[in-house]
Amino acid sequence: MKACKVKNHEKIASKLGRFEINNNAMYNLITKYLADYYGIPYLTLMVGRKKEVALKRQTIQYFLTIFTTYTYAEIGYLTGLRDHASINNSIKVIDNEMEIYAIFKVEIDSIYKGIEKLIMNQINE
């Protein structure tokens, strides 16, 4: 599991290990959830270069590292043909933003709980 500052991410990862939710399904769930959460079309999230869009894309990449077993290179490919170094930087950016801005940390925790809830709903179906 890659290092991150989201509380209890090991708990959900261990729960996921017991169930058959593949990376592709998890990718679709996370990207759809965050596109809806931010109110931005999926395609804009993947190709937009504005800072606001870039931070939201980095958030997607951050959660993909938590909830999937994709490599950084695979996550980069899926999120707009970026390389593994871009994903590593994205994780650092999100971690730094959470350390600096308490409101951002609250937002990330809220997103985490929302994704966790969606996953549990998928598992229970």
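Colleague: Over which residues does pLDDT stay under 50, and how many contacts beyond four places in sequence does the model have for them?

Modeller: pLDDT, the predictor's confidence in each residue from 0 to 100, stays under 50 over residues 5-11. For that stretch the model has 19 contacts beyond four places in sequence, a contact meaning heavy atoms within 4.5 Å. This is a predicted model, in which local features need pLDDT of at least 70 and side-chain atom pairs count only at pLDDT 80 or more, while totals for chains, interfaces and linings use all residues. Residues are numbered from 1 along each chain as its sequence is written, and side-chain values use heavy atoms, with hydrogens and water left out.

Colleague: What makes up the secondary structure of the protein?

Modeller: There are 7 helices and 0 strands, giving the pattern α-α-α-α-α-α-α along the sequence. Helices (H or I, at least four residues) and strands (E, at least two) are DSSP runs, numbered from the N terminus.

Colleague: Why is the pair K105 and D109 called a salt bridge?

Modeller: The term requires a side-chain nitrogen of Lys or Arg within 4 Å of a carboxyl oxygen of Asp or Glu. The closest N and O atoms of K105 and D109 are 3.4 Å apart, so the pair qualifies. Both residues lie in helix α7, 4 residues apart, about one turn of the helix.

Colleague: How many salt bridges does the structure hold?

Modeller: It holds 2. K32 and D36 both lie in helix α2, 4 residues apart, and both are exposed.

Colleague: What makes a set of residues a nonpolar core, and which residues have the most contacts inside the largest one?

Modeller: A nonpolar core is a set of buried Ala, Val, Leu, Ile, Met, Phe, Trp, Tyr and Cys residues joined through side-chain atoms within 4.5 Å. The largest has 30 residues, and those with the most contacts inside it are I30, Y62, F63, F67 and I115. Helices α2 (23-38), α3 (42-47), α4 (51-67), α5 (72-78), α6 (84-100) and α7 (102-124) each supply at least two residues of this core. In soluble globular proteins, nonpolar side chains tend to be buried together.

Colleague: Is L81 buried or exposed, and where is it found?

Modeller: L81 is found in the loop between α5 and α6. Its relative accessibility is 65%, so L81 counts as exposed. L81 also has a positive phi of about 55 degrees although it is not a glycine. Most residues other than glycine have a negative phi.

Definitions and conventions:
Buried means under 20% relative accessible area, exposed over 50%, partly exposed in between (1.4 Å probe, protein chains only).
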